[in-house]
Amino acid sequence: MKEADTATVEPTTATQDSDQPSAAEPAPAEKAAPTGDAAPAKKPAPAEGAAAEGAAAEGAAAAPAGGVTEPAKAGRFPLRLPLPAAIGVAVVLVLAVAAAVTFGLLLQRRVATDRAGAEALATAKAYAVTVTSYDYQNLDRNFADVLDGATGEFKDQYTGASQTLRQLIANAKATAKGNVLGAGISSESPEQVEVVVFVDQTITNAATAQPRVDRNRVIMTLTPHDGRWLVGKLELT
């Protein structure tokens, strides 16, 4: 009976041993992570500032088109001056424009005056020769040239005295030739120029064998007429 019992018990023990893992076998380990494509490590949580920035950006994107947005940078704000300062700037600008216009007008008049002086001076020098030169054989031409350059008061005076003067020159068979020694402007403006001319007048006549030289100072006042400068006053000293 003991042998049978032993035989019966042994298979039972063996069966039990086969169902339970052997002490020598290691317990199944947890599933190892794959070595080739490792799962990406979890990123660290964003810092509080970055999270706030993200939230602000999301809020700005979600804001409606007509909503209030973040104020523009300081450099983009339009320049706004206080009222007194704006008035002061406006006054300065007006004064600057007025000064520029005034300066322009003064400069324009100065240029016109210089041009008038130069033209009148040249006319006076030529006319001084005309009025101090004559030839008893060609008096019509001489008197016509004098009247052509005259106007106003002087033209009236010369016209009135021309008949008497013509008779005196013709009777004396006189000739005269003027020579300008110098000339200068006494006063000038675009409307009127006064010129002083120094003239030597060489005179010959039938009564004297030698020519006589008279030194004259001729003061002329000239005014513009139709693009020409004419002598309105003449004083011979």
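Student: In what order do the elements of the chain run from the N terminus on?
Tutor: This is a predicted model. The secondary structure comes to five helices and five strands. From the N terminus on, the order is α-α-α-β-α-α-β-β-β-β.

Student: What percentage of the residues in the chain is buried?
Tutor: Buried here means under 20% relative accessible area. The chain has 237 residues, and the buried ones make up 20%.

Student: What part of the accessible surface of the chain belongs to carbon and sulfur atoms?
Tutor: The accessible surface comes to about 17600 Å². The part that belongs to carbon and sulfur atoms is 59%.

Student: Among contacts with a separation of 6 or more, what percentage joins residues 24 or more positions apart?
Tutor: Take the contacts in the chain with a separation of 6 or more. Residues 24 or more positions apart account for 55%.

Student: Which residues of the largest nonpolar core touch the most other members?
Tutor: The core holds 26 residues. Two or more of them come from each of α3 (83–131), α4 (139–148), α5 (152–172), β3 (193–205), β4 (208–225) and β5 (228–236). Touching the most other members are Y127, F154, M220 and L222.

Student: Which residues does F154 contact, leaving aside neighbours within four places in sequence?
Tutor: F154 is buried, and so is Y127. Y127 is also one of the contacts of F154.

Student: Is the pair of Y127 and F154 stacked or edge-to-face?
Tutor: The ring centres are 6.3 Å apart. Planes over 60 degrees apart count as edge-to-face. The planes of Y127 and F154 stand at 80°, so the pair is edge-to-face.

Student: Which helices does this pair link?
Tutor: Y127 and F154 are 27 residues apart, in distant parts of the chain. Y127 lies in helix α3 and F154 in helix α5, so the helices are α3 and α5.

Student: What is the angle between the planes of F143 and Y158?
Tutor: F143 and Y158 form an aromatic pair, 5.5 Å centre to centre. The pair is tilted, with an angle of 45°.

Student: How many residues apart in sequence are the parts that F143 and Y158 tie together?
Tutor: F143 lies in helix α4, and Y158 lies in helix α5. The parts they tie together are apart in sequence by 15 residues.

Student: Is F143 buried or exposed?
Tutor: The cut-off for buried is under 20%. F143 has 4% relative accessibility, so F143 counts as buried.

Student: Which residues do ring pairs link into a cluster with F143?
Tutor: Y158, its partner in the tilted pair, is buried at 13% relative accessible area. Ring pairs link F143 into a cluster with Y127, F154 and Y158.

Student: Which residue lies over the face of F143?
Tutor: The distance to the ring centre is 4.9 Å. The residue is R166.

Student: How many residues form the hairpin that joins β2 to β3?
Tutor: Strand β2 (residues 175–188) and β3 run antiparallel, joined by 12 bridges. K177 stands opposite T202 in β3. The hairpin joins the two strands through four residues.

Student: Which residue in β4 is the bridge partner of F198?
Tutor: β3 and β4 run antiparallel, with 12 bridges. A hairpin of two residues joins them. The partner of F198 is R217.

Technical notes. Residues are numbered from 1 along each chain as its sequence is written. This is a predicted model: local features need pLDDT of at least 70, side-chain atom pairs count only at pLDDT 80 or more; totals for chains, interfaces and linings use all residues. Side-chain values use heavy atoms; hydrogens and water are left out. Buried means under 20% relative accessible area, exposed over 50%, partly exposed in between (1.4 Å probe, protein chains only). Contact means heavy atoms within 4.5 Å. Accessible areas come from the Shrake-Rupley method with a 1.4 Å probe; for residues, only the protein chains shown count as cover. A nonpolar core is a set of buried Ala, Val, Leu, Ile, Met, Phe, Trp, Tyr and Cys residues joined through side-chain atoms within 4.5 Å. Rings of Phe, Tyr and Trp (its six-membered ring) pair if their centres lie within 6.5 Å; planes under 30 degrees apart count as stacked, over 60 as edge-to-face and the rest as tilted. A charge sits over a ring if NZ of Lys or CZ of Arg is within 6 Å of the ring centre and within 35 degrees of the ring normal. Two strands pair if DSSP finds at least two bridges between them.
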